[in-house]
Amino acid sequence: MHFEIIARCSTTRARVCKMTLAHGVTMLPTFMPVATQAAIKGLTPTQVESLGITLILNNTYHLNLRPGLDVLRQAGGAHAFQGWRRNLLTDSGGFQLVSLSKFTTITEEGALFSSPFDGSPTMLTPEESISIQHAIGADIIMQLDDVVSSLTTGPRVAEASRRSVRWLDRCITFHTSSGKQDRQNLFAIVQGGLDPDLRDECLEEMVKRKDHVAGFAIGGLSGGEEKDVFWRMISQCTAKLPDDRPRYSMGIGFAEDLLVCVALGVDMADCVFPTRTARFGVALTFEGALNLRLKKHATDLGPIDPQCPCPTCQVNTSRAFLHHTVTHETAAAHALTLHNLVFQARLMGQARTAILEDRFPAYLKTFFSGYYKNGQYPEWCVNALGSVGVDLLEGLSGEERNGRIQGGRGAGWEYASDSAADA
Amino acid sequence: MASISFSLASSSANKSKFTPRLGQLTFRHGQSPSQTLDTPGFLATTSRGVVSHLSRDHLHNTASVQWIHVPFESFLENKPPVLTRSTGPNPAHSFLGFSTEKHLVSLSVRDPSDCAEIPPNGKDFVSARCVQGVRKVTVQDWKSYAAACKPDIIFAMSDTMISAPPYSQKRITKSIERSCAWLLDILAPVSSAPPNVFVHLAGGSSVPARQTFSRTLTEKVYGKEAELVHPLECLDDGVSGYVFDLAPMRAQIGASDPYAQGKRTGEAVIELIQASLDPLPDNKIRLANSAATPHEVLRLTAGVGIDIFDSHWAQKAANIGIGLNFTFPPPSTATAGKRQDLGLNLYNNTYTHDFSTLSGEDSPHCPCLTCSPAPASSFIAHATLDEPTFAGPDFPAPKGFSRAYIHHLLHTHEMSAHTLLVLHNLAVLDQFFTDIRRMLGGGDEQQFHRAAESFCQYYDEDLAVFQEATIMWDMVDKARGKGRLMRDKPDDV
Ligand SMILES: [Zn+2]
Ligand SMILES: [Zn+2]
């Protein structure tokens, strides 16, 4: 990997970086769409590439089950198998193992689970995870970590955090001896739960191993914890991670989360959200998300967003047409997936341009005022951005500020529970 | 709306009425360059106005699709139907995302492949189906929808008998009378009638009834009717093409096995179509909906000179995981024993490790986006600095998707499988018609008949591979949950 910082925001910790991998350049910060089963839902790789997307994610757990390593090896790796010519990242498989398999037991050796094929006890060790990721051949591979839910408390969190460090060492040893470092880049995953001391401990240990890892992911978050705790953990990690390594925040996909993370110094994020929500008829826009199943869109002949350069909006696909076809026709899911992926890419691309031109704080303000049309900003966003010198409510008095702050996810969403949704 | 003309090749004119024929359909929208569609050829069918599984960019890059047929009934769930709200010179094209440069769009009230029970039609309405149930479409409704949507071609409403036979003489007579009256209604007054009206040739499974209907079309109109359709001499003068809906025809004949229908009803269907065409002029397009197999396409081309077939069966094959790979003429003459399948059932585990493309290594090159994907022609730049993103190492030209990959997508319930299969199947169908035309153009009609005969001997028309794929499709569907789109629970948004 060649990693170069191109520009920095003079206010926040945001930065623009150029990451060169075996399958081309990816500019950071970026959002990575998820192709769990080696396909971005309904799209062809050519379509995804033409959207200006240069880095996608495959899930190791799923690809190991199907098509299986034999097939991937014969195909010459996951790139060739799915026809994807650009950069690819795989996770370790550990997270899915814990969340999708009922009988996982974690031992020092690895994660013990019952095989989904025949129920026989099977062990996923750190070495095995790296070996599988070698067969898949992704440009960025992740260490196996000991995953605990971010809501877990007590000694298990410390155990998992320390074990993740030991497993990182095993991954490094295995990966180094494989001779694949020139084409595949190992990322560490910082654990430590929601406990600042444990986070620091894990961070310190992992940063010590910096020379053997190409980048760092921030793990153990996005599992339902308070947003206020979430951003503080991200901030704590980005403050201490080495400058000259990319930072990857796992499982982040909402626009406001992405921009806050970028402001805190995160370079990469992934989430199934934009593709998943597309299948249920939701289009993401800079003015909030549209639920195209709602009756209000049934006669609207305008596109989702006339400014949007995606193939769906460019040919003026109307909201009414999408309303007519969503949840009935796969082509409607394709149309919305194309749009949502472009929305994520625009959000991050515009952030890159803003950072480069050193007007990122203004970009944040413009985004929030457009996205939260009622003027109510989530409190955690205001606080998180305030911590890096951007006051979204600049110039307002104490009283006025309170009126503009709210808990929860915030506005910008059309709820499907709206009684008209199924009409 | 396009201006359309149809002409038969000189080699096909002045021949017997029921021989295979070559023709050319020319159409043009406004100032767009004029397009030609060679016949015999095909049209693509739609579901809710969509060529299933194709995004608009894929549809536009699929050269084989020139004519798209839209059954209107799915739009009946709202009043007024949303398609009629579209505006501009080509409202249906613009709402549905079809290209006026490339696509000819036709509209019928009902989906011609749907033969499920439905309440009977009335004196001035057709019963049609939408997701919310059955809707009545009157002649006036249909005229207003046609005026609002401005499709290039509109099918006059027809009183098709869908309930199980036998039909009383009275019912057959009523069907003919209504179909004639509804045709007259859409043609009158001629000054405001849609320019390209196709008529479904009525008469059910009765040879005399079919002859009667067709004769009525060509009879000189008198009195009030003549006034209504002035200056037309007869109804047929206002008609641009003839439609045969094979699905209800098969039901009327009484064949029950969907996989044997094509074969079993071949002769009977041909006799009925001949009865309809006999009194009519030769120079109009003959369209057959819902041919079930390429065998049936060949028989109808050979036996009654059908010009356009829909691709419903090939599109449906993509839904159940079939990648077509038949050729015309067949690769060799049949030998005794098992007949060859028309396509590959990609659910089958024999493809797990098969890295060849759908068309295979030794078959002729398949131009579809699945077998021969094109590199992205442009990239969206999202930031001022994005330019280096698009350069970089020399990216290898994309390779065709393998059978192993499509097999994987089918078993993991990924929508992309069907996209890749539709793209390919439409290309195979296009090649099939190209080969038919080439052989007919050779001038030796007997050669065509021999090739058609050996095709029917070589390829299995019982579609055993389709049945097998349907079972496997069903198994994956059950194992994976509720269908492609609704597999996961909706987000809480
Ligand atoms: Zn868009
Ligand atoms: Zn092909």
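This is a predicted model: local features need pLDDT of at least 70, side-chain atom pairs count only at pLDDT 80 or more; totals for chains, interfaces and linings use all residues.
Reader: Where is the place of B:Thr357 in chain B?

Author: Residues are numbered from 1 along each chain as its sequence is written, and chains are lettered from A and ligands numbered from 1 in the order in which they are written. Helices (H or I, at least four residues) and strands (E, at least two) are DSSP runs, numbered from the N terminus. On that numbering, the place of B:Thr357 is in the loop between strand 15 (343–345) and helix 12 (387–390) of chain B.

Reader: Is B:Thr357 buried or exposed?

Author: A residue is called buried under 20% relative accessible area, exposed over 50% and partly exposed in between, with a 1.4 Å probe and protein chains only. Apart from its neighbours within four places in sequence, B:Thr357 has contacts (heavy atoms within 4.5 Å) with B:Cys371, B:Gly400, B:Phe401 and B:Arg403. Its relative accessibility is 15%, so B:Thr357 counts as buried.

Reader: What is the relative accessible area of B:His103?

Author: B:His103 lies in the loop between helix 2 (91–96) and strand 6 (104–108) of chain B. Once residues up to four places away in sequence are set aside, the residues that B:His103 touches include B:Phe27, B:His29, B:Leu59, B:His60 and B:Asp152. B:His103 is buried, and its relative accessible area is 0%.

Reader: How many residues of chain B are in contact with chain A?

Author: Chain A and chain B bury about 6,100 Å² between them, 60% of it on carbon and sulfur atoms; this buried area is the accessible area (1.4 Å probe) that two parts lose on being put together, summed over both. Of the area that chain A buries against chain B, A:Arg66, A:Arg85 and A:His324 supply 12%, more than any other three residues. On chain A, 79 residues take part in the contact, and on chain B the number is 66.

Reader: Which residue of chain A forms a salt bridge with B:Glu414?

Author: In general, side chains of opposite charge can pair when their charged atoms come close. A salt bridge here is a side-chain nitrogen of Lys or Arg within 4 Å of a carboxyl oxygen of Asp or Glu, and the count between chain A and chain B is 2. For B:Glu414, the closest N and O atoms are 2.7 Å apart, and the partner is A:Lys41.

Reader: Which helix of chain A gives the most to the side of chain A that touches chain B?

Author: Between the two chains, 21 residue pairs, both at pLDDT 80 or more, are in polar contact, meaning a pair of N or O atoms within 3.5 Å; within protein, one must be able to donate a hydrogen and the other to accept it, and residues adjacent in sequence count only if both atoms are side-chain atoms. Among the elements of chain A that each supply at least two residues to this side are strand 2 (15–21), helix 3 (69–75) and helix 14 (330–356). The element that gives the most, with 13 residues, is helix 14.

Reader: What is the radius of gyration of chain A?

Author: Chain A has 17 helices and 18 strands. The radius is taken over C-alpha atoms, and the globule rule is 2.2 Å times the number of residues to the power 0.38. For 423 residues the rule gives 22 Å, and chain A is as compact as a globular protein of that length because its own radius of gyration is close to this, at 21 Å.

Reader: What share of the 423 residues in chain A is buried?

Author: The C-alpha atoms of chain A fill a box of roughly 60 × 50 × 40 Å, taken along the principal axes. Among the contacts in chain A with a separation of 6 or more, residues 24 or more positions apart account for 68%. The share of buried residues in chain A is 63%.

Technical notes: Side-chain values use heavy atoms; hydrogens and water are left out.
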